[in-house]
Amino acid sequence: MRYDMQLPWWAWLLMGTALVLFILMVVISVRRNHGVKRSLFASPYTLWMLLFTIVPVILIGYYAFTGTDGTFTLDNFRNFWDSNFDMKKLVGEEYASTIPRGTVNVDTLTYSLWMAFLCTALSLLLGYPAALFMADRNMKLGSSLVVLFIIPMWMNFLLRTIAWMSLLEDNGLINSLLRSIGLEGVQLMYNSGAVLLGMVYNFLPFMVFPIYTSLSKQDINLSEAAADLGCSPMQALMKVTIPLSLPGVISGITMVFMPSVTTFFIPRVLGGGNTMMFGDLIESKFLTEGNWNVGSALSLIMMVLILISLSILRKADPNGEGGGIV
Amino acid sequence: MKRFAALLLVVLLFPVIALADGVVNVFNWEDYIDESVLKMFEEETGIHVNYMCFTTNEDMMVQVEANPGAFDVVFPSDYMVERMLNKGLLEEINYDHIPNAQYIMENLRNPDYDPNGVHSIPYMWGTVGILYNTTMVDDPVDSWEILWNTKYANNVFMLDSIRDSMGITLCSLGYSMNERDYPALRAATDKLVLQKTSGMVKAYQVDETKDKMVAGEAALALMWSGDAQYAIDLNSDLAFAVPKEGSNVWIDPMVIIKGCRNLENAEKFVDFLCRPDIAVLNCEEIRYSSPNSAAIELMGEEYTENPVLSPSEETITRCEFFHDIDETIMPIYTTLWNEVKNAK
């Protein structure tokens with residue numbers, strides 16, 4: 001494959017501006033007496049957010065509430081509830097009455113929420129002990145574990161997911177190993193289990209690191225004091241360490257749950273496209289069907305759901321101690 | 001503040017890439033050319049090829065409609081040519097400037113999607129059929145029904161491509177592959193849902209299938225002829241068949257976008273790809289069928305004796321071209337396809 005390194009003029013402009021602003025900021029923060037309002041230099045970021053976060057959200061809102069002709073309509077949301085809604089309008093009177101409500105969109109959403117829940121729960125179960133080991137000062141292996149968790153993240157997540165394929169395939173590494181020791185091969189791929197595995201594998205670090213951070217910030221004297229006051233190690237863990245690490249847990253849950261609900265690609269690669277997740281559905285609305293209106297409505301529903309779950313989680317960590325992600 | 005302004009000025013004067021005068025902007029499918037051909041073209045003509053890729057027709061269409069000036073030569077599929085023609089996106093081909101077009105096979109010069117080839121020149125063509133592993137399949141593969149034979153449960157790869165998967169199912173039910181009526185589409189959907197719920201399908205995928213078939217991951221796969229030939233080259237246990245009920249035959253032509261900036265270069269590029277020796281390079285690289293009679297002559301028996309690359313006249317006559325299914329019918333297809341994908 002050939003790639004052209006010629007960038008359009010505006011890309012150079014953007015990079016140039018970013019570079020100059022960076023230098024200016026460094027200069028200004030070193031030399032205190034400058035007479036320029038410091039907040040002025042935050043304006044590029046404000047502009048950036050405006051352009052690439054606020055404007056797209058407004059656009060999604062616009063598309064979600066308009067039809068293909070640009071007039072206001074709620075049909076896109078009816079389409080979410082009844083996936084056959086658009087089709088009924090096109091097949092003609094005589095057939096329309098024979099078509100029942102289509103549950104594809106709603107089913108896909110509930111399936112995605114369920115998978116995201118499972119993924120988050122599994123990540124927490126696996127991730128918390130890992131974070132405990134990593135943060136334990138008496139464990140020599142702790143810091144190397146941190147490195148081991150980080151190294152795979154140097155590689156793109158698409159590649160890591162594809163790499164799982166060669167492990168799980170019917171003639172893949174695991175099955176070849178099983179057969180070479182005289183066991184039956186098992187079908188590991190093309191099902192929800194493989195999708196869940198891929199999700200947990202990809203999102204686990206997002207659970208481990210927030211917990212690790214909040215655990216390693218904890219004063220070691222606290223659990224020592226608990227022991228001095230008669231707590232068994234188990235009691236110290238349950239009554240001191242875990243409660244104090246909750247902000248980290250909350251931000252871990254958020255960082256795993258959000259990408260899991262919106263997962264796409266993993267179901268296609270490891271699940272063989274046998275089950276669609278909501279992310280796949282939205283992707284196909286935009287790319288395959290070219291139906292931006294329904295695609296936007298689905299995205300909007302997704303965003304509202306995420307906002308609701310965030311506000312619930314926020315109640316558990318009101319001071320934003322887990323990094324204020326929620 | 002003065003310094004700030006001065007710096008900003010420097011930024012604004014950042015080297016703007018000069019537009020080279022000899023450029024052609026080409027928009028082609030992924031993995032759909034012998035890369036060395038591009039270099040040869042640049043060396044021979046001094047025209048820089050700005051080569052860009054897309055993965056689906058729909059993708060391509062969105063890009064071209066959004067920014068028609070950015071592309072000179074595009075490689076859509078047959079039914080997409082029809083849609084692009086209807087939208088007035090295509091330039092008429094000036095055959096005087098493309099002398100090598102004379103090598104295009106006679107029977108491909110008047111395709112349904114573009115009568116008399118006024119706006120397009122065939123680049124590659126092929127069929128849709130079943131790629132199967134002869135060590136895993138002991139029934140004769142001559143009918144689409146084998147994809148519903150429970151003996152091969154959990155051993156079939158289907159194409160995650162609406163037109164192809166729906167098309168062959170319609171065909172197996174005796175309908176046209178370009179069906180627009182709901183009852184026929186309903187019947188095909190029910191048949192595909194049955195295929196899925198009875199556990200026939202191992203996976204719905206597109207690009208991964210050829211490599212997985214080489215690795216022996218499944219017995220049967222719905223596949224395009226070129227990808228099938230690619231797989232057969234790598235694993236001699238594999239074979240390809242176009243079922244007796246009929247199938248889809250398709251052409252991927254080259255078109256020139258109306259009002260493009262580099263018309264002359266675009267014509268040179270298209271002409272270059274029609275040159276027999278270049279057509280041979282491309283054909284041998286991507287393994288689809290060549291529409292270029294002189295190129296076929298150069299490739300000799302190795303090509304003409306290969307039924308995948310060079311299907312018989314009888315095979316072609318039972319195949320059907322895709323026609324464009326427009327916006328008023330396509331949502332029916334996509335809704336039904338989502339139903340298939342979501343069936344449990």
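Chain B and its interface with chain A

Of the 344 residues of chain B, 58% count as buried, where buried means under 20% relative accessible area, exposed over 50% and partly exposed in between (1.4 Å probe, protein chains only). This is a predicted model, in which local features need pLDDT of at least 70, side-chain atom pairs count only at pLDDT 80 or more, and totals for chains, interfaces and linings use all residues. Residues are numbered from 1 along each chain as its sequence is written, chains are lettered from A and ligands numbered from 1 in the order in which they are written, and side-chain values use heavy atoms, with hydrogens and water left out.

Chain B contains 14 helices and ten strands; these are DSSP runs, numbered from the N terminus (helices H or I, at least four residues; strands E, at least two). The C-alpha trace spans about 75 × 55 × 40 Å along its principal axes. Among contacts (heavy atoms within 4.5 Å) in chain B between residues at least 6 apart in sequence, 74% join residues at least 24 apart.

One residue to look at within this chain is B:F321, in the loop between β10 (319–320) and α14 of chain B. Not counting residues up to four places away in sequence, B:F321 touches B:D78, B:D112, B:N178, B:N248, B:V249, B:W250 and B:I251.

The next topic is the interface. Here 46 residues of chain B are in contact with 46 residues of chain A. Together the two chains bury about 4,000 Å², 59% of it on carbon and sulfur atoms; this is the accessible area (1.4 Å probe) that two parts lose on being put together, summed over both. The rule finds one salt bridge across the interface, that is, a side-chain nitrogen of Lys or Arg within 4 Å of a carboxyl oxygen of Asp or Glu. The side chains that meet in it are those of B:K202 and A:D170 (2.3 Å, N to O). Elements giving two or more residues to the chain B side include α1 (2–12), α6 (182–197), β6 (201–205) and α14 (330–342). The largest share, nine residues, comes from α14(B).

On the chain A side of the model, helix α14 (residues 278–287) is mostly covered, with seven of its ten residues buried. Among them are A:F278, A:L281 and A:I282. The buried residues of α14(A) pack against several helices of chain A, including α6 (104–135) and α12 (233–261), together with α14 of chain B.
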